[in-house]
Amino acid sequence: MKTEIDRVFDLQKTHSLNMRSSTADERIGLLRSLHDWVLSHRGDIQKAMYADYRKPYTETDISEIYPVVSEAKHTIKHLKSWMKTKRVPTPVTFLGTKASIQYEPKGSCLIIAPWNYPFNLAICPMVSALSAGCTVMIKPSEMTPHTSALIKQMIDELFNENLVSVIEGGLEASQLLLAKPFDHIFFTGSPMVGKIVMRSASDHLGSVTLELGGKSPVIIAPDADLKDAARKIASTKFINCGQTCVAPDFVLVPKSLRDEFVQNLNEAIDTLYVSEGQGVEKSPDYGRIVNERHFNRLNQLVEEACKNGATLAKGGKNIPEENFIEPTILTMVKDSMMVMEEEIFGPILPIMDYENIDDALNFINKMPKPLALYAFSKSDKKLGYIFTKTSSGGAVANDCVLHFIHPELPFGGVNNSGIGKSHGHFGFLEFTNQKSVLKQRVGFTAVTPLFPPYNKTKEILIDGLLKWF
């Protein structure tokens, strides 16, 4: 494996020099071929996802195929304007010069994709990398082998390996790739592994984009529409069986409204996944946990919480042979429980109550900064207060998760939840070196009078410069 990685890396490192002069039309052609392949192989993508963890076909369309197609379309539409050299104003002190910003590709890049949205989170960053003119090595997750094999098939059919290549494998493959001096690494995964990626990149002073996670909170304000909030929270929490980095991780609700909110939440879950008297396990619209290890981890979180005083307000049923866990609601949760100490990444939703909004905000601010924060209120003033008093990678009012697919918004975390931004123009910039270029005239210039040797006249000029410019 090492020999193959070395060979492809060297090919791409060489070809990345040629990509610096690639035109917008050439890059757009690559993205169009990708766009067309995805749409023509829609059924294959759906089947691969279902084989990996019984992901419903429609859910694959919504959360895997649409984001990729949308990202490609948006980039194709705007790439020519993104790539244009941008002229910047000339200050009086720089009279005679011309200054601009040129957008050049960073070079050879590595994308390490996760298992929870294995197609979307491998290919969307690749769209950004190709739009910037970079070469790409993709390491998909070994935990979703059918989807990884499909990604490799797609890349092999569409691109020469000196431009894009897929390296399949587990930990050994990741370690070998991280040892290479990539110009940029785009990683999606946990904060713990993100630190390893960042340390590896630092050996070569390579830049990184880290799309991490964390415990994304939901704040229910006293004036919120509880039924509306419950429906939106349930639909975004339990899509992909809760295995979503921006899924609501816990809910803070006024103590006086807790029981009513939980009742609305339970009804919303039944509306989504229960029909004709059959349990959630019979629903064609509800997926499964990716593997036995994560299934056991999630069950342990529920067991530990209930053992220490939490109440099972909904769900709790599991089927080990299917890695099935029913949508589960926990109340009477304490912050010392394991379910509140780590990102859940599954269909378990803790509910905590608060007395006043500042108590809720103080609780959030004591935790590592989350990838997303959600707030429900009818008052713009209250929403503004919540968003001003907290820090998060992104924020959504009166809904959850939707900011992830908005083409004009940057997506990413802050500190523990991530470094850098992705999607659309922000993804293009992430794989781009914004090079400042200044052209000076030949001969006498505005700064020539400031050259040594210094004397009284030049001191007067400098005094004027400090005072007026």
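Modeller: Let's begin with contacts, where contact means heavy atoms within 4.5 Å. Leaving out residues up to four places away in sequence, S22 touches R27, M83 and G133. Before going on, note that this is a predicted model: local features need pLDDT of at least 70, side-chain atom pairs count only at pLDDT 80 or more, and totals for chains, interfaces and linings use all residues. Residues are numbered from 1 along each chain as its sequence is written, and side-chain values use heavy atoms, with hydrogens and water left out.

Colleague: Where does S22 lie, and is S22 buried or exposed?

Modeller: S22 lies in the loop between α1 (2-19) and α2 (24-40). Those labels are DSSP runs numbered from the N terminus: helices are H or I with at least four residues, strands are E with at least two. For burial, the cut-offs are under 20% relative accessible area for buried, over 50% for exposed and anything in between for partly exposed (1.4 Å probe, protein chains only). S22 has 10% relative accessibility, so it counts as buried.

Colleague: How far apart are S22 and A132 in sequence and in space?

Modeller: They are 110 residues apart in sequence, while their C-alpha atoms are 9.5 Å apart. For another pair, take T14 in helix α1 and L371: these are 357 residues apart along the chain, and 36 Å separates their C-alpha atoms. T14 counts as exposed because its relative accessibility is 53%.

Colleague: What share of the contacts join residues at least 24 apart?

Modeller: Among contacts between residues at least 6 apart in sequence, the share is 72%.

Colleague: Let's zoom out. How many helices and strands are there?

Modeller: The protein has 15 helices and 18 strands. Its C-alpha trace spans about 85 × 55 × 35 Å along the principal axes, and of its 469 residues, 53% count as buried. The accessible surface (Shrake-Rupley method, 1.4 Å probe; for residues, only the protein chains shown count as cover) comes to about 21,400 Å², with 55% of it belonging to carbon and sulfur atoms.

Colleague: Now the inside. How many residues does the largest nonpolar core have?

Modeller: A nonpolar core is a set of buried Ala, Val, Leu, Ile, Met, Phe, Trp, Tyr and Cys residues joined through side-chain atoms within 4.5 Å. The largest here has 73 residues, and those with the most contacts inside it are I220, I233, L252, F261, L265, V339 and I351. Helix α10 (residues 258-273) gives the most to this core, contributing six residues. There's also a second, separate core of 44 residues, which includes M49, I76, L79 and C124.

Colleague: What do the buried residues of α10 pack against?

Modeller: Their partners are β8 (217-220), α9 (226-237), β9 (250-254), β10 (311-314), β13 (328-331) and β14 (348-354). Among the buried residues of α10 are F261, L265, A268 and Y273. Setting aside residues up to four places away in sequence, F261 touches I220, L226, A230, I233, V251, V253 and I351.

Colleague: How do I check the length of a helix like α10?

Modeller: The expected span is 1.5 Å times one less than the number of residues. With 16 residues, α10 should span 22 Å, and its end C-alpha atoms are 23 Å apart, which agrees. Helix α8 (residues 191-202) has 12 residues and should span 16 Å; its ends are 16 Å apart, so that agrees too.

Colleague: Which residues of α8 are buried, and what covers them?

Modeller: P191, G194, V197, S200 and A201 are buried. Their cover includes α7 (171-178), β6 (184-188) and β7 (207-211).

Colleague: Last topic: the backbone. Which residues does a cis peptide bond join?

Modeller: Most residues other than glycine have a negative phi, and most peptide bonds are trans. Here a cis bond joins P452 and P453, with omega about 0°. P453 sits in the loop between β18 (432-439) and α15 (456-468).

Colleague: What is the phi of N398, and what is the phi of N415?

Modeller: N398 has a positive phi near 60°, and N415 has one of about 55°. N398 is in the loop between β16 (394-397) and β17 (418-419), and N415 is found in the loop between β16 and β17 as well. N398 is partly exposed because its relative accessible area is 26%, whereas N415, at 52%, counts as exposed.
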